[in-house]
Amino acid sequence: MLSISNLQASIGDKQILKGINLEVNSGEVHAIMGPNGSGKSTLASVLAGREDYEITNGSVRFDGKDLLEMAPEERAAQGIFLAFQYPVEIPGVSTTNFLRTALNEIRKYRGQDPLDAVQFLKLMKEKMKLVNIDQTLLSRALNEGFSGGEKKRNEIFQMAMLEPRLAILDETDSGLDIDALRIVAEGVNKLRSPERATIVVTHYQRLLDYIVPDFVHVLYKGRIVKSGPKELALELEEKGYDWIKAEVEETF
Amino acid sequence: MTPSNQSYNDLKNWLVTAFREAEERMNGESKTPLHQLRRQALQQFDRLGFPTVKHEEWKYSNVSGLTKEVFDFNADGTLEADALEELQIPNLEGNILYFVNGNYHPELSRIVSPASQLQIVSFAEAVKTDPELVNSYFARYADYQDNAFTALNTAFANDGVVVRVPDNITVDTPIILRYINDAREKNVAAQPRNLIVAGRNSEVIVAESFRTLGERASFVNTVTEVVLAQNARVQHYKVQNDSDKSYHIGTTQVNQADNSHFYSVTVTLNGSFVRNNLNIVLDGQHCEAFMYGLYLPDSRQHVDNHTLVDHAKPNSYSNELYKGILKDRSTGVFNGKIFVRPDAQKTNAYQSCKNVVLSPDASMNTKPQLEIFADDVKCSHGTTTGKLDEEALFYLRSRGIPKAEAQSLLMYAFAGDVLSQLRIGPIKDYLERIVVEKLSK
């Protein structure tokens, strides 16, 4: 589904991604871990199409198509969803109107008829249950004055509404207490299916207790330096990142 | 004399001559107090002349384009059914008065409020039938000593509206004043003059709407004086949707007595050159004044909002929010003065001006001016000018909303803060639609 090959990206003069290689197939959950500043969030942002980064080398193909050529909205329409580490507050735009616009734009791109108000509300009610989000929150302006947990829950709610094929969760666990974490993780798990894939970007293993990955990759200094099964996450939790750093310094 | 000043003086001299010629044709009328006042205003206009950019209050607003045009200041004419139809605001109920090239047209207008609630006559009519009322209010508030355009209007204005709301009356139907300049055949100028007197404990909503028909140049120089007695509540809206060849210069002068409440919304949708002065004197205790503004210039349009709140007495409150979205090569000016007089202790005064500049060729000049002479006050001001929030734009796009739509959505949300202040539903709906159209252009 997603094929990243020798991806290099920089911001200003600073190279952040130094040659990422990653294959993600339908039905898989990949965790990307690593110490702060290793490039995890950059990778997530580059995949979603954030324009602050310059791609200096490499390619990303999504279902065989060149992802890097696409505008962020095209990527969304192709089925990519980024759950933001810091969801943006947008005063004056109601969550409901925003989501209806987004959903219908994506449907239009795919040649589907737009949902009318009744159909949309029905879908919304259904998905609200999935992430246990309150109606009053959705009638407010997008993320405005939401608590950290509410913002993250809203991200997962949007994901449920837009039904992406590839979901990228960027530090979704940051700032969440254990109850909020469980609710968010349950929402993600309910959306897991053989047709979809998920990339979970996280610093801590904690989230992976709830969203169990098929593969764990360690990102360090802009490269994936180690990949392994879900047990690798536990090992990292136990031993920290220093042993990996040491291994890397030896190799390079 | 520099060549650029030539046109200023030509137009001024032409106007002064026109006044004197008209004066000679008068009979006893020239002896009336009203005419004496007009003559003083004309002399003041003659002394002041049209302001150049060397004038501090006109530093960023250059009226040379205006002075180079030749206008018909006495154009008559009415609107045929087609033109009238095109101007309709759907579902709008109210006392709707039409003015064509500045002249009141009763046959196009309808007044629905009973006379017990609302006394409303054209200014031209009031001058004939109620000179005492006119004399006791006319030009008592709007200063013509320092403002050439107000002086010009005071000298020449011959129509507009005089509204009087009796004590303890709530006018339940809004007053809508529609000023239409018909520039389809020739360049036209109009100088409307309005007087709104709200009695004790009365309540009224007045909306002024300005439109231009046709492609010729149009000039409106308007003055509205609003006088609020104790406990009066007045909402005043000004909506400008003029042509790309129109000049609008307007002053709204407000005087508030104790416990009165004034609420103002100014929306500038279109117009080549716009200068709005909103001056509020809080001449009483426990007054409240709210000022909202929205301006959306594009192409080479220029919109200048000058506001002044004069806290003359203690314990009053003023709050101001102006917002602008500037495109293309447009320019904007916001100048917000707050005076707090030595007596005006316990004043609360807030001011904010926020702008989104969408093009590197557009520019916005903001100048908050606070002059505080009392020591126990709360005042704040802030201005921001910047691009659309890139992070918000990316967020919306990452959810599948195309760039142009995402931009419109953000701009509309930005403007919505001000539009939501309009309390006449049909006007709000109508403006929302125009704003959406203009922003998605």
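Two strands are said to pair if DSSP finds at least two bridges between them. Helices (H or I, at least four residues) and strands (E, at least two) are themselves DSSP runs, numbered from the N terminus. With these terms, F81(A) has A167(A), in β9(A), as its bridge partner.

The structure described here is a predicted model, in which local features need pLDDT of at least 70 and side-chain atom pairs count only at pLDDT 80 or more, whereas totals for chains, interfaces and linings use all residues. Residues are numbered from 1 along each chain as its sequence is written, while chains are lettered from A and ligands numbered from 1 in the order in which they are written.

Chain A contains 9 helices and 12 strands. Its C-alpha atoms fill a box of roughly 60 × 40 × 35 Å, taken along the principal axes. The radius of gyration, taken over C-alpha atoms, is compared with a globule rule of 2.2 Å times the number of residues to the power 0.38. For the 252 residues of chain A a compact globule would have a value near 18 Å, and chain A agrees with this at 18 Å. A residue is called buried if 20 or more other C-beta atoms lie within 10 Å of its own, exposed if 12 or fewer, and partly exposed in between, with C-beta atoms placed from the backbone. On this basis, 42% of the 252 residues of chain A count as buried. Two residues are in contact if their C-beta atoms, placed from the backbone, lie within 7 Å. Among contacts in chain A between residues at least 6 apart in sequence, 71% join residues at least 24 apart.

A UniProt record, an unreviewed entry, places the feature "domain: ABC transporter" at residues 2-246 of chain A. Positions from UniProt are given in the numbering used here, feature names are shortened, and annotations may be inferred rather than shown by experiment. Over residues 2-246 the chain is 38% helix and 29% strand, and the end C-alpha atoms are 30 Å apart.

Two sheets of chain A can now be followed in turn. Strands of a sheet pair through backbone hydrogen bonds, either parallel or antiparallel. In one open sheet, 4 strands of chain A stand in the order β2-β1-β4-β5, with antiparallel pairing. Strands β2 (14-24) and β5 (65-66) of chain A are at the edges, each with a single partner strand, so one side of each has no neighbour in the sheet. Strand β4(A), residues 54-62, is joined to β5(A) by 2 bridges, and the two run antiparallel. Here R61(A) stands opposite D66(A) of β5(A). Across β1 (2-11), β2 and β4 of chain A lies helix α1(A), residues 40-48, running at about 70° to β2(A). Such angles run from 0 to 180 degrees between N-to-C directions, with axes being lines fitted to C-alpha atoms, for helices over the stretch in contact.

The other open sheet has 6 strands of chain A in the order β6-β9-β10-β3-β11-β12, and its pairing is mixed. Its edge strands, β6 and β12 (223-228) of chain A, each pair on one side only. Neighbouring strands of this sheet are turned by 20° against each other on average, direction ignored. Helix α6(A), residues 148-162, packs on the sheet and touches β6 and β9 of chain A, its direction making about 170° with that of β6(A). From strand β6(A), residues 80-83, I80(A) and L82(A) point one way and F81(A) and A83(A) the other way, and all are buried. This strand is joined by 4 bridges to β9(A), residues 166-170, and the two run parallel. On to β10(A), residues 197-201, β9(A) is joined by 5 bridges, again running parallel. L169(A) stands opposite V200(A) in β10(A).

Where the chains meet, the contact takes 21 residues from chain A and 17 residues from chain B. On the side of chain A that touches chain B, the elements giving two or more residues are α2 (72-78), β7 (90-94), α3 (95-109) and α6 of chain A.

Chain B has 10 helices and 20 strands. Of its 441 residues, 50% count as buried. Helix α7(B), residues 148-156, is mostly covered, with 9 of its 9 residues buried; among them are F149(B) and L152(B). K378(B), in strand β20(B), residues 378-386, is exposed, with 10 other C-beta atoms within 10 Å.
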